[in-house]
Amino acid sequence: MAGGNDRSMRALKEVWKRPENSLCADCGKPDPDWASSTLGVFVCLSCSGIHRNIPSISKVKSLKMDHWDDAQVQFLAKNGNAVTKATYEAHIPIYYYQPTYNDCQVLREQWIRAKYERKEFTEPGKQLPYSDGVKEGILWKRGRDNGQFLPRKFLLSEREGCLKYFTKQDAKEPKINVKIDVINATFQPEKIGNPNGLQITYLKDNKTRNIFVYHESGKEVVDWFNAIRSVQFHYLKVAFPIASDNEIKNRLTRNFLKEGYMEKTGPKQREAFKKRWFTLDHRRLMYFKDPLDAFAKGEVFVGSGENGYSVQKGLPSGTQGNFSWNYGITIATPDREYLFTCETETDQLEWIKAFTSVINQAMTPQEYAIEAYFKFKS
C-alpha cells in the first residue's frame, strides 16, 4: 500500500481483518486482497477483474499495493461484506445458483452483474427473466453426428414439466420432449470450446443422453440455466410436498464429480486397454470415445462400501491387458472388477478421491433401484 499514511494503513487492516471480510464477497475464495471503493466489498483477484469491467458500478483497488485515503477506508468500515450482502443479496431465489471460485467465468460474471448492475435481488417478488415458469429462445446446439453447432429453438415449460427443442423455428412437433425431473445442466466451456458452453444431460431409457449448447450472450445462457433450476424446484415442490426447500435445492442441477481420460479394459481383463473419456456423475461412471459424444459407450454403477463396492490403488497382480499408462485403479463391485489406468499419479489420486467420496455415502432407495437396473442389464 505504497504512499498510504500509517493511520490509514492501520485502519484499513482493521477493517480487512474482520471475520465477515475474510472471504471474497462474490465467490467465497479465502483471503481476498482487493476491494471495491464504491460498493464496499472485499473481493479476490479474479472477481476484481469482473468488477473492473463494470466501472460505472464498481471501482476496485488492491489492498496491498494501492493507496486508500481516509474517506475510502471509512466507507469500507461502514459497509464491508456483511452490510453490502444484506442489501444486494437480500432476496435471492432459493433455486438461483450462487457460484464459487471453482465455477467458470460466465457464471461468476453474471452473478456479479445480477447483484450489483441489474440489482436482481434487492426487492422481494421482483420479476426475473428466469422465474416465469416458461422460457423460449434460440440456443446453438451441437449436431449429434456432424459436430456442427446450429441454431435451434428451445422451449422450457413449468406447466408441462418439460424441456423441448425443435429443429426448425416453425416446427409443430419437438425433436425431443424431456421431463424436467430427469434433466441436469452444467457449464462446460473448455469441453465445448465456448466460454458460454452448457451441457444438458437427461435420462432416456435409464441411459444418459448429452446435448451441448451455447449462446453468444453470457446473460442469456445463465438465465436458461437458472430457468431450468427454477422449473425443477417448483416441480419437485409439488412432487415432494413434505421436503424442505433446502432438501429440494440439493436435488437441482449438479456439477460432475470428475471428468477426464483414463484407459480401460474389458470384462475378461485380457484385452488391450483403450483410452476413453470418463464422466463420474455421482453413482454413474460413464465412458465415451469422444468427450462430446451424445451417448456413452458404457456405464458403471458405483455403489456404497456397505454394499460391497470399493476402490483400490493399482491393478491386480498378473493383469494381462496391454496398457500405456502406469497408474492403475481397481473398482470392485459385487459382480466384477473394473480396471483403469491414468496418465499421471495426480490423475490417479484425484479419481480415487472422487470414487471414495461416492462409495462412502449410503445409498438411497432410488439408487438401489438404479443398481437393480444395472444388474438386470448386465
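## Salt bridges and a helix pair

Asp281 counts as buried because its relative accessibility is 7%, where buried means under 20% relative accessible area, exposed means over 50%, and partly exposed lies in between, as found with a 1.4 Å probe on protein chains only. This is a predicted model, in which local features need pLDDT of at least 70 and side-chain atom pairs count only at pLDDT 80 or more, while totals for chains, interfaces and linings use all residues. Residues are numbered from 1 along each chain as its sequence is written, and side-chain values use heavy atoms, with hydrogens and water left out.

Side chains of opposite charge can pair when their charged atoms come close. A salt bridge is taken here as a side-chain nitrogen of Lys or Arg within 4 Å of a carboxyl oxygen of Asp or Glu, and by this rule the count comes to 21 salt bridges. Three of them are listed in the table.

| Salt bridge | N to O distance |
|---|---|
| Glu259 and Lys191 | 2.7 Å |
| Arg254 and Asp281 | 2.8 Å |
| Glu350 and Lys258 | 2.8 Å |

Asp281, in strand β12 (residues 274-281), is 27 residues apart from its partner Arg254, which sits in the loop between α8 (245-249) and β11. Arg254 counts as partly exposed because its relative accessibility is 38%.

Glu350 in helix α9 (residues 345-359) and Lys258 in strand β11 are 92 residues apart. Glu350 is partly exposed, with a relative accessible area of 38%, whereas Lys258 is buried, with a relative accessible area of 14%.

Two packed helices are described by the angle between their axes and the distance between the axes. Helix α5 (residues 105-117) and helix α7 (residues 218-239) pack at an angle of about 90°, and their axes are 10 Å apart, so α5 and α7 are roughly perpendicular to each other. In this contact (heavy atoms within 4.5 Å), Val106, Leu107 and Gln110 of α5 meet residues of α7 that include Val221, Val222 and Phe225.

Methods:
Axes fitted to C-alpha atoms, helices over the stretch in contact; angles between N-to-C directions. Helix = DSSP H or I, 4+ residues; strand = E, 2+ residues; numbered from the N terminus. Parallel < 35°, antiparallel > 145°, perpendicular 65-115°, else oblique.
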